[in-house]
Amino acid sequence: YENFLRTRNGQKVLFLELGVGYNTPVIIKYPFWQMTARNPDATYVCINQGQATCPQEIEQQSICINADLGTVLHNTVNKEKLKQSAACRKSSGRRH
């Protein structure tokens with residue numbers, strides 16, 4: 001983990017926080033905020049019902065989704081399946 005972070009310093013990085021609350025913020029939440037603040041090419045994404053927040057310092061680099069993680073993932077998967085289905089129908093209707 002440390003090596004991964006060190007070798008990605010200054011690169012585009014997505015810090016994806018799924019369902020992490022404030023029970024133990026020093027393990028994931030705070031380090032993600034700090035690493036996002038230090039890297040202008042980093043993006044912080046948090047999906048957590050009732051606790052999707054970020055410091056003002058990184059608001060422009062953040063996406064906070066205040067919703068149930070299971071619902072968000074379910075909706076995302078279903079949306080992607082619809083896109084793929086539509087693409088298949090569109091390509092099968094073409095003449096070769």
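Trainee: How do you know how many disulfides this predicted model holds?

Mentor: A search of the whole structure finds zero disulfides, and the cut-off behind that result is a pair of cysteine sulfur atoms within 2.5 Å. For cysteine 46, the nearest cysteine sulfur belongs to cysteine 64 and is 5.4 Å away, so by the 2.5 Å limit cysteine 46 is in no disulfide. For cysteine 64, the nearest cysteine sulfur is that of cysteine 54, at 3.9 Å, and therefore cysteine 64 is in no disulfide either.

Trainee: What makes cysteine 46 count as buried or exposed?

Mentor: Buried means under 20% relative accessible area, and because cysteine 46 has 0%, it is called buried. Cysteine 64 has 32% relative accessibility, which lies between the 20% and 50% limits, so cysteine 64 counts as partly exposed.

Trainee: Why is the contact of glutamate 17 with lysine 29 called a salt bridge?

Mentor: The closest N and O atoms of glutamate 17 and lysine 29 are 2.5 Å apart, and the limit for a salt bridge is 4 Å, so the pair qualifies. Glutamate 17 lies in strand β1 and lysine 29 in helix α2, so the pair ties together parts that are 12 residues apart in sequence. Both residues are buried, and the structure holds one salt bridge.

Conventions:
Residues numbered from 1 in each chain as written. Predicted model: local features only at pLDDT ≥ 70, side-chain atom pairs only at ≥ 80, totals over all residues. Heavy atoms only, no water. Buried < 20%, exposed > 50% of the residue type's maximum accessible area, 1.4 Å probe, protein only. Salt bridge = Lys/Arg side-chain N within 4 Å of Asp/Glu carboxyl O. Helix = DSSP H or I, 4+ residues; strand = E, 2+ residues; numbered from the N terminus.
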